[in-house]
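Hi everyone, thanks for making time for this.

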2 protein chains.
Amino acid sequence: MSKEKKFVEEITAMEDDFAQWYTDVVKKADLVDYASVRGSMIIRPYGYAIWENIRDVLDQKIKETGHENVYMPLFIPESLLQKEKDHIEGFAPEVAWVTHGGSEELAERLCVRPTSEVLFCEHYADIIHSYRDLPKLYNQWSNVVRWEKTTRPFLRSLEFLWQEGHTCHATEEDASEETERMLEVYATVCEEYLAIPVIRGKKTEKEKFAGANFTLTIESLMHDGKALQSGTSHYLGTGFAEAFGIQYTDKNGKLQYVHQTSWGITTRLIGALIMVHGDNRGLVLPPKIAPTQVMIVPIAQHKEGVLDKAYELKDQLKKLARVGIDASDKTPGWKFSESEMKGIPLRLEIGPKDIEKGQVVLVRRDTNEKTTVAMSELEAKIPAILEDIQAKLFEKAKSHREKKTSVAKNMDEFKSRLADNPGFIKAMWCGDLACENYIKDETAATSRCIPFEQEKVADTCVCCEKEAKHLVYWAKAY
Amino acid sequence: MSKEKKFVEEITAMEDDFAQWYTDVVKKADLVDYASVRGSMIIRPYGYAIWENIRDVLDQKIKETGHENVYMPLFIPESLLQKEKDHIEGFAPEVAWVTHGGSEELAERLCVRPTSEVLFCEHYADIIHSYRDLPKLYNQWSNVVRWEKTTRPFLRSLEFLWQEGHTCHATEEDASEETERMLEVYATVCEEYLAIPVIRGKKTEKEKFAGANFTLTIESLMHDGKALQSGTSHYLGTGFAEAFGIQYTDKNGKLQYVHQTSWGITTRLIGALIMVHGDNRGLVLPPKIAPTQVMIVPIAQHKEGVLDKAYELKDQLKKLARVGIDASDKTPGWKFSESEMKGIPLRLEIGPKDIEKGQVVLVRRDTNEKTTVAMSELEAKIPAILEDIQAKLFEKAKSHREKKTSVAKNMDEFKSRLADNPGFIKAMWCGDLACENYIKDETAATSRCIPFEQEKVADTCVCCEKEAKHLVYWAKAY
């Protein structure tokens, strides 16, 4: 039993040190390993299987909304990156530069893509000529690189995986609708599959994407009260189109610039899963994206018939759920801990006595609730329990967020709420950058978004005495 | 009609200029566009959809054979790449180097992965300790970069997409079996899905992978008689394990080095599809990997009921096949040409007269054969025709390869066969590097493989008078 104890003890409690708890879960649940390049991560099979599930769900929705996948080059010539002024200013400090190919020094250095707007724009200028060519709805699944100083697995790493959508439209209206549509797709994936409730809203001018007219965002709240930007969708206006000459002939024969959008979600979402649902026994995964939904653990598996029955159950249940079996020579207690650490939604225990009685024991990862179920009822019960886990995880995360959301009417309230109950602060804002900067300097909280669902919690800005323009969600953030 | 003519005329005939024909197809079938980085390609929606189909088929087989997907970093520190001597010698001349991150010069430069052996090895050294940890069967889907001087879309590009498998085993026997198993998976995907017949064999010492004990390969033959290496599987022995310290404790408590394999296929296979099946009207795709298997072209679509019926058919047939419809305002002739250029296996024409008679016209892309089929029979006929197209494409490619395969017993025969009927030359070889080099210098043909199916077409080496050791397939190659 000492081995089992050790397995569990290696995890720091989240109340003691949240950052260390996160790192422990990431390592102990076999999601990630470190590589010899600073800030890069190895995504291990279990972590990658979660990513594949997120990707498959989102890819289907991206295709259902009429988008096509493409693949753009990894490298961007420096001169191309510089074509849109705001964009290069935003990204230049954090790109990796290739200066040599083989033994030759390059005439022009190449940046490793931090995002691919300029590549898509160059291509669009080549293939868009007429209103008949619009809309162009492209998406790409790829790796990108940002030269971050401090890094953490999934949350902020030198390289990450993502999808980036890039679209061209005839009118501002069409492009704005697309920007909203894709934000809603992200919100749906987060809420219905990842069981992560999100606040939908608009970024302030200060926080918007480099080169965008406006940025929409979904913001989620972690266990420690910090916010995580979970997906963004940008309306780019005609700025890139003007810089790259992406023009089409409209129905009246007149040349027009296209209106563009871009939008992305990343492997960051795995970090959100960990910090929204995880507990001191490790990861907790929502069934819809769990690589294994039910883990069968045979008890006294050396006894005759136990393993046979366990495999038979696996075969029977595999049409209902993604079922695994742990038939290794570890002790049951060790297997329980491992299955819990990996956040597998449901554990199915089966031993000689259960077989005699024609039953099994089911243990929910989220509530630790243990129930004995007749084998004949498994096919009805398991899908229902998985659905219930999915729903309860969402409800729990939502109620957690509500508990951690406070209202502040002035800076004193702002500071004391943030200190007493770290989380979202709902507060009015006049719209001035000076107030936004002041709040950040004073509290380390940033504006997360101007939510679509506006309320008026006060008449004046939380920071100055001017008239309030917007309700804003503020928080410290990852 | 002048527009239609133009569309078709823009393609160079393959007999006139095969390289230009290839480039024309790649561009006109909307597979690829060029980007501003020399030698890089934009894979357009149609090209990427083909890659997704190849990837999905292969990914399923990789998983069925027990492998798990992971993701390794893009960058490799120079010192790590240098750990295995043969490997670095093979790859150093063709890697891209990152020397700056943001505005800082890096203390150690990073290479953009040309392949990921060393990254996997570093990780394996970290996670493998006991015989219980073996085998480790990992795969990765990613982009890699090789700084090639002359490039062609899909065939040889600065960056390409691929999968790379990397596995560790307890014994040489296990690892050799894995090397063979994965070659056979590749051969199956090529033959059964891509309809490309392949020669399975072993590379000579000269042609093997840098750092491998031996390399297995599948080689296919293009329309112009040049060979294309279509997939390779390497047995790495314990060389990497020794360089990286990947050791496990065996059942007797003794430390042992693991035996490793690696294997990969790339977006090159799209090049093979083009050059094996294509013709002077464009691409010809095998149904199993065609993004659209049946294209419905309405005739006189402005007439009442035509478009309705066409969409109704699309809905009816979509459970049987991947069905598209071209309801654009182009002329039917133009639509025919486009559908042919894109290699869509089957065209379904439906006009007012057909509707009256309760029939449609089906046109096969491979044979151009036109048949009138009653609508009531479509659900039975279409799957059968698609299967027949798949089978016929394979047979045709195989018979083409056989026609283009000659036997040579001496160098005079070798040269005249290669000149008269460019393709594979089957000839005996003594096993000496000198002869292999001589043949390459004299004829530009290289040894493609020592086929598993050996024959004895002569007693002595085709080049010298020494005793023959192996039958070898030789060819000029991409």
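Predicted model: local features only at pLDDT ≥ 70, side-chain atom pairs only at ≥ 80, totals over all residues.

Let's begin where the chains meet. The contact takes 43 residues from chain B and 43 residues from chain A. Which strand of chain B gives the most to that side? That is strand E5, residues 96-101, with six residues. As for the kinds of residue on chain B's side of the contact, 25 are nonpolar, 10 are polar and eight are charged.

Now look at E5 in both chains. Strand E5 of chain A, also residues 96-101, runs antiparallel to E5(B), and five bridges join them. If you want a landmark, find A:Val98, which stands opposite B:Val98. For those new to this, strands of a sheet pair through backbone hydrogen bonds, either parallel or antiparallel.

That pair belongs to an open sheet of six strands, and its order is E4(A)-E6(A)-E5(A)-E5(B)-E6(B)-E4(B), with antiparallel pairing. At the edges sit strand E4 (75-77) of chain A and strand E4 (75-77) of chain B, each pairing on one side only. From one strand to the next, the twist averages 45 degrees. On the chain A side, E4(A) pairs with strand E6, residues 104-112, over three bridges in the antiparallel sense. There, A:Pro77 stands opposite A:Leu110.

Next, please move to chain B for another sheet. Five strands form an open sheet here, in the order E16-E15-E17-E18-E19, and the pairing is mixed. The edge strands are E16 (323-325) and E19 (370-374), and the twist averages 25 degrees from one strand to the next. Strand E15, residues 294-298, runs parallel to E16(B), and three bridges join the two. B:Val294 of chain B stands opposite B:Val323 in E16(B).

What packs on this sheet? Helix H11 of chain B, residues 332-341, touches E15 and strand E17 (346-350), and its direction makes about 170 degrees with that of E15(B). Helix H13 of chain B, residues 378-403, lies across E15, E17, strand E18 (359-364) and E19, running at about 5 degrees to E18(B).

While we're here, find B:Ile296. The largest nonpolar core has 279 residues, and of these A:Ile296 and B:Ile296 touch the most other members. Leaving out residues up to four places away in sequence, the contacts of B:Ile296 include B:Ala310, B:Leu313, B:Val323 and B:Leu348. As background, in soluble globular proteins, nonpolar side chains tend to be buried together.

Back to chain A, for a pair of helices. Two packed helices are described by the angle between their axes and the distance between the axes. Helix H3 (residues 45-64) and helix H7 (residues 172-193) of chain A pack at about 145 degrees, with their axes 11 Å apart. The crossing of H3(A) past H7(A) is right-handed. H3(A) brings A:Val57, A:Leu58 and A:Lys61, while H7(A) brings A:Val185, A:Val189 and A:Tyr193. That makes five nonpolar residues, no polar ones and one charged.

Staying in chain A, is strand E11 mostly buried or exposed? Of the 11 residues of E11 (residues 227-237), 10 are buried, so the strand is largely enclosed by the rest of the structure. Strand E10, residues 214-221, pairs with E11(A) in the antiparallel sense over eight bridges. Their hairpin has five residues between the strands, and A:Gly225 there takes a positive phi near 90 degrees. E11(A) also runs antiparallel to strand E14, residues 259-266, joined by five bridges.

A cis peptide bond joins A:Leu134 and A:Pro135, with omega about -5 degrees. In chain B, the bond from B:Leu134 to B:Pro135 is cis as well, with omega near -10 degrees.

B:Phe154 has a phi of about 70 degrees, and B:Ala300 has one near 50 degrees. Which of them is buried, and which is exposed? B:Phe154 counts as buried because it has 27 C-beta neighbours inside 10 Å. B:Ala300 has 11 such neighbours inside 10 Å, so it counts as exposed. You'll find B:Ala300 in the loop between E15 and helix H10 (306-317) of chain B.

Methods
Residues numbered from 1 in each chain as written. Chains lettered and ligands numbered in written order. Pairing = 2+ DSSP bridges. Helix = DSSP H or I, 4+ residues; strand = E, 2+ residues; numbered from the N terminus. Axes fitted to C-alpha atoms, helices over the stretch in contact; angles between N-to-C directions. Contact = placed C-beta atoms within 7 Å. Core = buried A, V, L, I, M, F, W, Y, C linked by C-beta atoms within 7 Å. Buried ≥ 20, exposed ≤ 12 C-beta atoms within 10 Å, placed from the backbone. Left-handed = near helix turned anticlockwise from the far one by under 90°. Nonpolar A, V, L, I, M, F, W, Y, C, P; charged D, E, K, R; others polar.
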